[in-house]
Amino acid sequence: MKQLWIAALLAQFAIIAEAQVDQLADQVESKVIAWRRDIHANPELGNREFRTSKLVAEHLRSLGIEVKTGVAHTGVVGLLKGGKPGPVVALRADMDALPVNEPAGLPFASKVKAMWAGQETGVMHACGHDAHVAILMGVAEVLSRMKDQVPGTVKFIFQPAEEGAPPGEEGGARLMVKQGVLESPVPEAIFGLHVSSPLAAGRIGYRSGPLMASADSFRILVKGKQTHGARPWGGVDPIVVAAQIVLGLQTIASRQVDVTLEPSIVTVGMIRGGNRSNIIPDEVEMVGTIRAFNEPMRRDIHRRIVLTAQSIAQSAGATAEATVTVGLDVTDNNEKLVDRAVATLRRVAGGPNVFIIPKTTGAEDFSAYQKVIPGFFFFVGVTPKDLRPEQLGVNHSPLFKVDEAQLKLGVRALTSLTLDYLQGK
Ligand SMILES: [Zn+2]
Ligand SMILES: [Zn+2]
């Protein structure tokens, strides 16, 4: 009888908390939209998010949140200590924009220009990180207003350079971890979201276990022997060897690794060699990307790329120097955390709007946090309902669009995930 009574009380508290979150989310919605537009009109490339991080730090300070700035260059970390004892949970938003020219149209379209890889380019929030920053600023405000009831501590992580630091610089989640973002206090879990174009507005997509791929790069330098294009027997043709290597690499994913276990991809994205029709050059350079969802398979593919390049080159009397550079790890959602979180997301978005999505071969540096603590990363649909399919732009395209009505869903989702976790639900 007593247990029933406690259960009823807890359920009632959950309903009250949910109603309160909804009400506060309603109240901050217009501010969240205004922040998003402001950040959208003033986008900044990775490791250069000076204005954005200032905006974030000032907002967090105004809420009475303890703030640390300059983490991993421009990162901001806020600590909200709730009025009741409890665990520590971290929430993460990425702040950087992309070197993409934004077409005119939106009243808050970006006209910003910046230098990227030695060239001037337009800058656009074409991956929706403007929405992520605005959502997490909104979450900070909602949780601050409920501070006395919060049973634990919330760490807000505003991270630079998710899309990668400029050449020659360190940055992103890995650098934040290196600089101690997951220490003192150590969070028990971390949550993050991404606005997503393939998902319709109002929907939430999730997946337990591997969600997004690891992303590594490789470089192969094929060395032959230069000769006249009309007398190939007088040298060693690295162009034909490179062509064989491209095809050989494709057999790794299709013939050599277990396709029933996990998908994998090896893409050659650039080939450079030669300067004239009738000269066989000395060497050819190739670079590419590798995607995988499983650590042993990932390492196996690395080994096979080197072996394939070297063996094919050797068979033709050429040599190949092959190097693999390890990049982002698999975004791997902790199964226990996901089991707990799904009930919350269903309550927030409505059961039928929350569903399991396929793996995606894109990569996320959120994986760097998940390597240290359990984490859950999910997608929120933001494709405006009135757009025709041919008008849809995917993340990173200049046509990418965010339905601002979904920002509130993001605020409610992250706030409720935090409160439910802190309450042990
Ligand atoms: Zn992106
Ligand atoms: Zn992104």
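**Notebook: a strand residue, a metal site and a sheet**

Entry 1. I started with Ile-279 and found it in strand β13, which covers residues 279-280. I kept in mind that this is a predicted model. Is Ile-279 buried, partly exposed or exposed? Its relative accessibility is 28%, so Ile-279 counts as partly exposed, given that buried would need a value under 20% and exposed one over 50%.

Entry 2. Next I asked what Ile-279 touches once its neighbours within four places in sequence are left aside. The contacts I noted are Gln-226, Thr-227 and Gly-229. For Gln-226 I also looked up the separation: 53 residues in sequence, but 7.4 Å in space from C-alpha to C-alpha.

Entry 3. I moved on to the metal. Which residues coordinate the zinc ion (ligand 1)? I wrote down Cys-127 through SG, Glu-163 through OE and His-396 through NE2, at 2.0 to 2.3 Å. Along the chain, these donors follow the spacing C-x35-E-x232-H. I then checked where two of them sit: Cys-127 is in the loop between β5 (119-122) and α3 (129-145), and Glu-163 is in the loop between β6 (151-159) and α4 (172-178), so this pair ties together parts that are 36 residues apart in sequence.

Entry 4. Cys-127 bridges the zinc ion (ligand 1) and the zinc ion (ligand 2), and the two ions lie 3.0 Å apart. With 6% relative accessibility, Cys-127 counts as buried, whereas Glu-163 has a relative accessible area of 27% and is partly exposed.

Entry 5. Then I turned to the sheet. In what order do its strands run? I read β1-β2-β6-β3-β7-β18-β8-β17, 8 strands in an open sheet with mixed pairing. At the edges stand β1 (66-71) and β17 (354-356); each has a single partner strand, so one side of each is left without a neighbour in the sheet. On average, neighbouring strands of this sheet are turned by 25° against each other, direction ignored.

Entry 6. Strand β2 (residues 75-81) pairs with β6 in the antiparallel sense, over 6 bridges. Within that pair I noted Val-77, whose bridge partner in β6 is Ile-157.

Entry 7. Last, I asked which helix packs on the sheet. I found α9 (residues 407-422), which touches β3 (84-94), β6, β7 (189-200), β8 (204-206) and β18 (375-383). The direction of α9 makes about 150° with that of β3.

Notes
Residues are numbered from 1 along each chain as its sequence is written. Chains are lettered from A and ligands numbered from 1 in the order in which they are written. This is a predicted model: local features need pLDDT of at least 70, side-chain atom pairs count only at pLDDT 80 or more; totals for chains, interfaces and linings use all residues. Side-chain values use heavy atoms; hydrogens and water are left out. Donors are N, O and S atoms within 2.8 Å of the metal (3.2 Å for Na, K and Ca); water is not among the atoms, so sites may look incomplete. Helices (H or I, at least four residues) and strands (E, at least two) are DSSP runs, numbered from the N terminus. Buried means under 20% relative accessible area, exposed over 50%, partly exposed in between (1.4 Å probe, protein chains only). Two strands pair if DSSP finds at least two bridges between them. Axes are lines fitted to C-alpha atoms, for helices over the stretch in contact, and angles run from 0 to 180 degrees between N-to-C directions. Contact means heavy atoms within 4.5 Å.
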